[in-house]
Amino acid sequence: MFEPVFLAQQVLNGLSFGALLFLLASGLTLVFGLMKIVNMAHGAFYLLGGYIGVVIAGLTGNLLLAVITAVIVVAATAFIVEVVLLRFVRGQELPEVLLTIGVSFVIADLCLAVFGGDPQNLPTTATIPGALMIGDLVYPWYRIFVIGVAVAIGLGLAFVQTRTRIGAVVRAGVDDREIISAMGVNIAWVFTGMFVVGAGLAALGGTIGSGMQSILPGVQNEVLLYALVVIIIGGLGSVTGAAVGSVLIGLIDAFAKAWIPELAYFTIFLPMALVLVLRPTGLFGRTA
Amino acid sequence: MNRRMLVNLALLGLLLVVLLALPYFGVSNFVLGLASTILIAAVLASSVNFLGGDGGMVSLGHGAIAAASAYAVGWASRQGLDSMTQVLLALVVTLVVSFLYGLLSMRTSGIYFLMVTLALGMLIYGLAFRLSSVTGGENGISGIAAPGNLHEEWIYYYVVLGIFVITTGALWVVSSSPFGASLRGLRDSESRMRSLGYSVAQYKLSAFMISGTVAGIAGVLAVWHTNFVSPSSAGVERSVLLVVMVILGGIGTLLGPLIGAAVVVLVENVLSSYVDRWPTALGLIFILVILFARAGVAGSVPKVLAKLRGRSPSATPPGDRSSPEGTAVPDRNHNP
Amino acid sequence: MTSTMTTAPRRWIGLVGLAATAALVLTACAPPQAAEPEPDAGGGTEAAVSETLKVGYISPVTGNFAVAGQEMVDGWNLYWELNGNEVNGVTVETIVEDDAGNPEISLTKAAKLVEQDEVDVLVGPLLANTALAVAEYAESVGVPNLHPVAASDDLTQRNANGLTVRTGSMGGSQANYPGGEWAATEGGFDTAVTLCADYAFGWESCAGFVQGFQDNGGEVVEQLWFPNSTTDFSTYVSQIQAAGADMVYVATAGGAPGPNFLTSYLGLGLDMDKLLLNCCAADQGTLRAMGDQIVGLKSVSYWAEGRESEAVAELIEAYKEFSGGNVPGAYIAGGYITASLVASVLEEQGYLTGEELVSAITESTFEDNIFGRVSFDEYNNTVGPVYIREVVKRDDGNLYNTPIATYEDVDQWFGQDPEEALQQPNYSQDFQG
């Protein structure tokens, strides 16, 4: 349990699971940061994205095409949800939550009707075959690829947030929504845009993730819980927090299940409860 | 005391009469059982409603509190203890669990409160699964008989109805008391209340204990009704549905929990016999209620009626203790 | 409700008190409906010209267990579509109710079926906790309850009753004991590491394998348990690799864990020939999700769709047509065989309900059905063959679990005396037999 190869493998296990968590959580935390919406349909967007990705990858064998299609379809769905439904309850927390729960119910049940309930994975032709080998350490390339995607997305988001005009608008909006209007930007469309981007990230996570773990009914709830835990630990609205929270949960999950299996059921929720008891707004949440 | 009050009282009385007369309509045991299920869900939902409406603390862990109480009854009944001891044990467990919930969550609010209660609920769920020597694991505990002749469906219905009326009344009394007013003050501005010298933590903890106790009562009612408890009672899906019931019915309203519980239980148990894609239907009902009756059913009906009568809805309609706009963004409560 | 109603509270307290008193007083006088005699739940006394056997079928056809639940229903319906739902003058009428995998809804639906629809027999539900709850209710109202899928040992052990029959599956430990026996003997493995779901079904399955393995000289070096909510199995696969045993036994309850485990296991480049899975980890859902990369994968189950048999071939052909080319898995088989047993006793003895229906089934031996030769023990549990299976790709492009070894007449007692076996605690992480 403490051999170097085992430890190295576990670190990679934790990081790759954390990478998937980050793909899930980043969209959710961005949307919350700007719009103060807890999007309970985030898991359903992941589910829908995963199914579409698997279908397209099965038809074409091309992962990139699968991701693009999934992102476009889910983004379009999110656009409709935002413009047709969410706009009518803007700024009212509970109605927003209920509305997105309703959307989640509908999407998940329709996915079951359309795609069936079998677990579905990316076909092997669309994933990256083979494994990295260094001495005794063997590790699948695909999981390393997922880590890479997460890092790229994280850096991309950080770049957009700090170096672009869109980022400036969003940052201003997080601090004070009135300012956006004062900048001559239509705030409603900024919100819509952010919601669509968040959903697109969920779809990306769904497609990429289905190479690591199956897509099937029920996954939307698990995924949503994970994402919520991660962004709560990190602090709502903080991309850095989401990154730290993802890695933390990924590593705790991997090692705790090996070293303290008695607590296997609690590896996700115990850390969150502890963090919140000690720091009620998460590690990177604003306290002031 | 104005005319609207009288009308509302009359309506409440009428509802009560209908509920009291239900067994005399010659309905089957199945329908009576369903009515009991709705009332039990309503008791549980009203505990969530109290905490969420007056305290601004929406909990995703109340299903697990009720389950803990139900497990206490189940465990005690498996040990052959009598029903009085079962209830006492359930009470003790409920108080301990509620106290821990309250203690661990009292520094948080808004979405963070939601998540702490969710996490605590998941811990109870995990324990129910893992501590199989006590809880029976996934199989749960079956054969938990209700005491005396409570297994008669119509008698049990009246017991449940009585307890529903009592708990709803008690919660109403609490929320109309100075304590309730302070709680609403806390909900609207924690910092203001703190500067006025209120002990915020103490108020939150007390509110949680009251709400948790009601949830525990619902747990006992449920386990005697189904004679069965398993981890799914503690699961997060159940707690989400409770919140959904509360919001559907109208958060902070007197009868909201009953209406919400009726809608959800009927969709789950009756509509599902006729409509294959009933989860979609449930989702659509949520969406429609939110779009067209934002304050929930019980919160919106008085407004609509007032509009129809052509009056300005200046006076707060009875039963609408909190406007939905009142529960705004969570970190508003975090101002130093 | 605050400012405008300051005078209200006292009135309200009065009202509430009044209502409570009224409720208590009213409980003293029974409503008319309760005074009537209970309707005969079995419905067997009605003298009808053309008789109808009313079946209430409870299964989770929506929600997270919808696949398994729908398959369980499809298998049942498929049998009656193939063979007609009129047997020996008795018409079999089925009412399907959805319980979404929730025990409370299961119980409500069971009450609805018994009291409103007055069914003669309840079939299902699927999950262990729902099945145990419904079995107890069914006994309390005197209605037979057949179980096509539920695998909880206790259904036919500690919670056994005269009206509950496991017709379409086996207990968790029962179905896996031969797996251990095979691994230690023909399989040629000396040491094993196990990875099982961390709840009753996983504990029972593992206990069966472990006892079979140890009774035949094998040594279990480590037992790992995964929470049912696990999606990423890489941490367990790393532990399996570190344990360094000759073979790996894996038990899941179906759904995503099977494919998720295999994805992690094969991704690390580990040897598939060392694996032995339980029924559900290698069911058709897993085979379809994983595809050709798992040809040759071994598993142990009471159901083998690749077995050469007329009855199996008939089911496969019918199901392929019904589903657009899929091969039936264990849940379909469970529903189908349950229907075939009911049809078989109706054929022989005509209209039957209540205990007569139960004993007609449990006292028969059914030769050559889709499981093979099936009979029942005195606790109403299936006694039948268990197969060691290997995934084979056939010309139709589908993957089939094909038997490579068969253990006939496997019961749930492993050679123990039932009375003694029932004195043992339930299987858990700490007690594996």
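Residues are numbered from 1 along each chain as its sequence is written, while chains are lettered from A and ligands numbered from 1 in the order in which they are written. Because the model is predicted, local features need pLDDT of at least 70 and side-chain atom pairs count only at pLDDT 80 or more, whereas totals for chains, interfaces and linings use all residues.

Chains A and B meet through 35 residues from chain A and 37 residues from chain B, two residues being in contact if their C-beta atoms, placed from the backbone, lie within 7 Å. On the side of chain A that touches chain B, the elements giving two or more residues are helix H4 (93-115), helix H9 (219-234) and helix H11 (269-278) of chain A. Helices (H or I, at least four residues) and strands (E, at least two) are DSSP runs, numbered from the N terminus. H4(A) gives the most to this side, with 13 residues. By class, the side of chain A that touches chain B comprises 27 nonpolar, five polar and three charged residues; Ala, Val, Leu, Ile, Met, Phe, Trp, Tyr, Cys and Pro count as nonpolar, Asp, Glu, Lys and Arg as charged, and the others, Gly among them, as polar.

Within chain A, the axes of helix H1 (residues 4-35) and helix H5 (residues 141-163) come within 8 Å and cross at roughly 40°. Axes are lines fitted to C-alpha atoms, for helices over the stretch in contact, and angles run from 0 to 180 degrees between N-to-C directions. H1(A) is therefore oblique to H5(A); angles under 35 degrees count as roughly parallel, over 145 as roughly antiparallel, 65 to 115 as roughly perpendicular and the rest as oblique. The crossing of H1(A) and H5(A) is left-handed, meaning that the near helix is turned anticlockwise from the far one by less than a right angle. Residues making the contact include A:Leu12, A:Leu15 and A:Ser16 of H1(A) and A:Arg143, A:Val146 and A:Ile147 of H5(A). Eleven nonpolar, three polar and one charged residues make up the contact of H1(A) with H5(A).

In chain B, helix H2 (residues 29-53) and helix H7 (residues 153-176) pack at an angle of about 20°, their axes lying 9 Å apart. H2(B) and H7(B) are therefore roughly parallel to each other, and their crossing is left-handed. Among the contributing residues are B:Leu32, B:Leu39 and B:Phe50 of H2(B) and B:Trp154, B:Tyr157 and B:Leu171 of H7(B). The contact of H2(B) with H7(B) contains 15 nonpolar, seven polar and one charged residues.

Chain C contains an open sheet of six strands in the order S2-S3-S1-S4-S5-S6, with mixed pairing; two strands pair if DSSP finds at least two bridges between them. Strand S2 (86-87) and strand S6 (164-166) of chain C stand at the edges, each with a single partner strand, so one side of each lacks a neighbour in the sheet. S2(C) runs antiparallel to strand S3 (residues 90-98) of chain C and is joined to S3(C) by two bridges, with C:Thr91 of S3(C) as the bridge partner of C:Glu86. Strand S12 (residues 366-369) and strand S13 (residues 372-376) of chain C are likewise antiparallel and joined by two bridges. C:Phe366 has C:Val374 in S13(C) as its bridge partner, and S12(C) and S13(C) form a hairpin with two residues between them.

Chain C is divided into domain 1 (51-170 + 311-383) and domain 2 (177-301), with bounds from an automatic or database domain assignment. The domain centres, taken over C-alpha atoms, are separated by 29 Å. Eleven residues from domain 1 of chain C and ten residues from domain 2 of chain C form the contact.
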